[in-house]
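Have the model open and follow along.

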Amino acid sequence: LDTVLHGAFYTYDAIWEPGWTALSVVAPLVVLQWVLLPAALLWRRQTQGDAPALPPWALLGIGPFLFLQVVVFQNSARLAALTGWPLDFASGWTLLAQVAGLCAAALLLRRSRALPSSLGLGAGLLLLAATSVSGFLAGWHSAYALLVGQVLLAVILVELLSGRSNRSEQAGLAAGMGMLLFMGLLAGYYAGYYYPLGYPNNILEPVAAVFIAVCAFGAARSIEGVESLTRRALIPAALGVCLLAVPLAGALAWEAPQAEAGSGFPVTVMTYNLHNGFNTEGRLDLESLASVIEDSGADIVALQEVSRGWLISGRTDMLSWLSRRLDMPYVSCPTAGLLWGNAILSRYPVLGYSLHEFPVDGLAVRRGVAMALIDLGHGYHLRLMATHFHHMVADSHIRLVQTGDIIGLWSGSKRTVFLGDLNAEPEHREMALLWQAGLLDAFAEVETPPYTWPSREPHRRIDYIWVSPDLAVIETSVPFSTASDHLPVIAVIELAR
């Protein structure tokens, strides 16, 4: 149900949505949860009495199980980023994998004899292989890895929860430790995007797989009351099949944004750091970001800090959401893993694009420059270079290297626009290098160029648009908005006369 709702709101968590539509969905579900929980407890006591507690091994394994679900196997935005599929297709496949997992669980529950301890361990080893390669696969390969991984997780979950223990005094401690493991894995996973921790964060996915496999091996017991479980165990799978109608309807109605033919110059370009979708009040507010872009009238938009499936952003696919909302095709150029980095929205056809990664030098947050060739129409092409430089103020030497890379990639090419969040102010050496190379600041003719960060009370200018000497800037603007912690920068560009 969570997967269906996530897909129906286009991966935007309903709780973040303003208005009555989302509230009319969320509020009844909360009430239903309150009603069903005591009803289920009462029914269990009447039919089964006080059931023995689960073994501590099982409760320890639930945390890593949830980690793998929310980060990988129940993350349709992640699947969309890896496959390039529309979100409705990705949500449908994610749900199909969950249905397959529920069916596998139901088949295991029909066994009248004990589940072998080796079953969970064997499934865990296969899951280890699936999680180790899932982040490096693309297209159908990543979709198959998700399907297989979800089935294996279901097998392990049955192995975990089929055990019984009378040591109930340990249950609370084990449950708490399991949740601490969940939070620890998440903290270690996302901290790895920002700090040099000495390990790649995706190593935690196979680590979680190994942990829950060991827990399943320790918790394995026989299943009792098999006949009474058989039909009930099939109900979740049957309901999941019914829910497949929702993403199927979305997929049938899907219309991808289409590029339109341009009429040459002038062209309006924009750079905007999206702050992972959060406004200055800490609210995930993609609609406000979309309104800023829409009101600007920009034809081409360079975006920074775009996340796709990050749990700390509600697993929202920001790029797909904005592309659909603005009816603009996109180019994704992630730098920190496959789910975070730069992107380009363009109303005009993108003839080709590539990502050049900057030297890492031990930096936790990897950076790069997205390069695209855009057809403006009437035989005119625009070369776009969009980037997000290293962010630490004291590390000017790192940005100097990145600036040198930009100059080398540009190499004096005509009809080129270089733009992005450069994390350096006009008087810094990084900007001087761009001047010396021959690039022109779009705000060079503005007597006092406006500051761009932080948006609520800006006092630094760190977001720029630069153009090659054969281009002329005929209009500039930096509209005020608190939809992000950066202000957008806009320029209308024409051929120089």
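A salt bridge here means a side-chain nitrogen of Lys or Arg within 4 Å of a carboxyl oxygen of Asp or Glu. This is a predicted model, so local features need pLDDT of at least 70 and side-chain atom pairs count only at pLDDT 80 or more, while totals for chains, interfaces and linings use all residues. Residues are numbered from 1 along each chain as its sequence is written, and side-chain values use heavy atoms, with hydrogens and water left out.

Searching the whole structure turns up 9 salt bridges. One of them joins Asp2 and Arg315, at 3.1 Å from N to O. Those two are 313 residues apart: Asp2 is in helix α1 (residues 2-8), and Arg315 is in the loop between β2 (300-310) and β3 (316-317). Helices (H or I, at least four residues) and strands (E, at least two) are DSSP runs, numbered from the N terminus.

Buried or exposed? Buried means under 20% relative accessible area, exposed over 50%, and partly exposed in between (1.4 Å probe, protein chains only). Asp2 is partly exposed at 41%, whereas Arg315 counts as buried at 7%.

Next, look at Arg399 and Glu430, which meet in a salt bridge at 2.8 Å, N to O. Arg399 lies in helix α14 (residues 396-410) and Glu430 in helix α15 (residues 429-437), so the pair ties together parts 31 residues apart in sequence. Both Arg399 and Glu430 are buried.

Finally, salt bridges with shared partners join Glu287, Glu294 and Arg325 into one network.
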